[in-house]
Amino acid sequence: MCGIVGYIGTKNSVPILIDGLKRLEYRGYDSAGVGIINSGESILVKNKGKVSLLEERLADLNLSSPLGIGHTRWATHGIPNEQNAHPHTNQDGNLFVIHNGIIENFQSLKRGLIKLGYNFKSDTDTEVLAHLIDSFLSKDYPLSKAVQMALNEVDGAYGLAAIYAKEPDKIIAARKGSPLVIGVGEGENFIASDVSAILAHTKKVIYLDDGELAIITRENHTVKTIADKEIEKEIHEINMSLDEIDKGGYPHFMLKEIMEQPESVSNSMRGRLLVDEGTAKLGGLTDVLDRLVNSKRIIISACGTSWHAALVGEYMMEQYARIPVEVEYASELRYRNPIITGDDSVIFISQSGETADTLAALKEAKSKGALILGICNVVGSTIARESQAGVYIHAGPEIGVASTKAFTSQLVVLALITLLISRRKGMSLADGKAVVEELIKIPDKIKLILKMNDEIERLANEFKDAKNFLYLGRGYNFPVALEGALKLKEISYIHAEGYPAAEMKHGPIALIDEDMPVVFVAPKGATYDKILSNIEEVRARGGRIIAVGDEKDDELDNLADYTLKIPETIEMFTPILTSIPLQLLAYHIAVNKGLNVDQPRNLAKSVTVE
Ligand code: G6P
C-alpha cells in the first residue's frame, strides 16, 4: 500500500521519480505527488488520480532538481484528493514527508500540535509526521535528529522519507512495519518501497529492517537504529532484469503473467526435483527438515489468493504426508490467541512477503515457539526474512494486482514440500517417482491450456453482462472455485461466489435460474461422480453451465453448456491446471467490460496495513 521513491545525486530527479512511481503504482493509485528541492527552493506537485496525470503536469512545468521524493497512494486516512496526496509539508513548505503505513496515535499527536499552533491541511495521519518533525526542526535539531525524535513519539507502522530545503544534501528514511530499500549507486543513491522502482538505475540494495533510520547523501549512506546505534548493513545484489518487470508486448501485466506460467512454474521446480530418488530437494528447508517432518500439526496461514493456495496445500499434505493441517486466514489467526506449540510448524504464504496481516500472524506464531516457514515470491521481503526457513517460489515479479502466476507457483512449491515430507514419512520410491514425473510434465500441459485463449475470449464476451456468477468445485478443486470467483470479482466487479459444490444445495441453489452462470471445476478425481450430480441439479433449474474438466471427458460435454478442457494429470496437480482457464475467463470478461484489469478499483497488490 502506497509506493515511495526518492533520489539524491547529480541527475534530474523528476523523470527518475516518475518512472519509479509508475513501477510502484501496483501498490496504490489513488493519488500521486513529488516534492523536489533545488538550490534551497522547495517545489511540490501532487494530484488526485494516477501517476500519468502527475507526469503530464510535471512535463508542463519543466522542473529539474537533483533531490526529490515521490509517492503513489492507497488511501487509508482521508479520501483520495489533492490535499490528502503526499508529500505532506510543514507550514513553511520547506519540509517534505512521504509515508507508507498508518500512524495509529495520529489523533492525539494532532491535538497536541494544533495546541502548539500548527494548522492542518489534510485528513491524513502522515501530515502529523510533517508537523511533528517540524516541531523539532524549529528547536534547531538537524533533520535526522528531528525525524528520530518524532518517531519516538509515534505508534504504528511506517516506511517514510523526508527531505528539507535547509539541508539539501540528504534524504532521511526510516522503517517500521512497511518495506523500504536503499538503492546504492555511483555518486547517487535511491530509496524505494521495493527494488522494481530503482532497478533501472542500480542492482545494489540495502534492505532496511524495522526500527532503522538511514541518512542518505549523494555519496554515502549511514544506517542506525531509531535508538541511535549505528549499524553495518549488507549490500545485496539483485538478480532480476528490467525486462522481467515490463509488459513484454502484452496489453496488460495480468495477461503477460497468465501467459508466463509455463516458465514461472518451471522456475519454481527448477533444480529442486530428484527424479531417480523420487523426491524434492529444497535447500531452504534442510536445516529444519527433521523438525518439519516430525511436526504434530502444520498450520498454513495467508491472505487472499495465497490463502486459496494454502487450502490446496492442506489437501496435498493431508493426503500424502498424513500430518493434520489447518488453514487460517492470517488476520484471524493473529487476534484469537491461537493454541500453537513448539510441536507445530506454521507455514506463511505470501507473494509479496509484506502483507501486514500475514506478518503479524507470523510474529504471533513465532512467539509461541512454532517452527516458522515462509513461502514467498519477493526475495528479501520481510516475511522471507522473518521466517526461520522457507522456499522461494521464483515466479518472477508479479505486477498485475490480481495474482495469477504466483498462485500456480505457490501450488508447485506446496507440492514439493509435500513430496519431501511424504518421502521421509514412508511414501514409496515408485509413488514419489510418479509424482516427480508428472510434475515435470505440468509446464507443457499449461502451454496446451493457454492455446484456449481465443476460445475463452469468445466465451467471456457471451457472459460479460452477467450480474452474478457461482463457482463450484469439490476436494482439491474447491479452493480453485474460490480462486476463480475471487479473480472475477476483483477485476470485473461482477459479484461471484465460490462454494464447495455439495454445499450448493444448502443455500446457493436458491439463486439459480437462467440468468445465473455456474462454473463447475470438475476434473476427474475422487469426487468426480458426485460433482456430476451437482451439475445435473443446476441443469434441472435452468442455470447456464461452464465446466472445466478433463480433455477426454465427453460426459461433461453432454451436461454443460460450455466446456473448457485441461490435459489429464494426477489429482493433486489439477488445481494448477484448472485455475488457468478461470484466470483467462476473468481477464477477458474484465477487458470486455472496458475495465483496468491491472489496477482494479480500491485494491492494491501489497496490503501493508492490518
Ligand atoms: C492483496 C492482493 C492479492 C493477494 C493478497 C495477499 O489482496 O490484491 O492478490 O493475494 O493481497 O498478498 P500476498 O502478497 O501476501 O500473497
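Trainee: Which hand does the crossing of α4 and α5 have?

Mentor: The crossing of α4 and α5 is right-handed. A crossing has that name if the near helix is turned clockwise from the far one by less than a right angle, and is left-handed if the turn is anticlockwise. The model is a predicted one, in which local features need pLDDT of at least 70, side-chain atom pairs count only at pLDDT 80 or more, and totals for chains, interfaces and linings use all residues. Residues are numbered from 1 along each chain as its sequence is written, and side-chain values use heavy atoms, leaving out hydrogens and water.

Trainee: Why is α4 called oblique to α5?

Mentor: The axes of α4 (residues 126-137) and α5 (residues 143-152) cross at roughly 125° and come within 8 Å. That angle makes α4 oblique to α5, because angles under 35 degrees count as roughly parallel, over 145 as roughly antiparallel, 65 to 115 as roughly perpendicular and the rest as oblique. Axes are lines fitted to C-alpha atoms, for helices over the stretch in contact, and angles run from 0 to 180 degrees between N-to-C directions. Helices themselves are DSSP runs (H or I, at least four residues), as are strands (E, at least two), numbered from the N terminus.

Trainee: What makes α7 and α14 roughly antiparallel?

Mentor: Helix α7 (residues 261-269) and helix α14 (residues 429-450) pack at about 170°, with axes 8 Å apart. The pair is therefore described as roughly antiparallel.

Trainee: Which residues of α7 and α14 meet?

Mentor: On the α7 side they are Gln 261, Pro 262, Val 265, Ser 266 and Met 269; in α14 they include Ile 442, Pro 443 and Lys 447. Contact means heavy atoms within 4.5 Å. By class, this contact has nine nonpolar, two polar and one charged residues (nonpolar: Ala, Val, Leu, Ile, Met, Phe, Trp, Tyr, Cys and Pro; charged: Asp, Glu, Lys and Arg; polar: the others, Gly among them).

Trainee: Why is α13 called largely enclosed?

Mentor: Of its 20 residues, 18 are buried, so the rest of the structure largely encloses α13. Buried means under 20% relative accessible area, exposed over 50%, and partly exposed in between (1.4 Å probe, protein chains only).

Trainee: Is Gln 351 buried or exposed?

Mentor: Its relative accessible area is 10%, so Gln 351 is buried. Gln 351 lies in the loop between β20 (344-350) and α11 (356-367).
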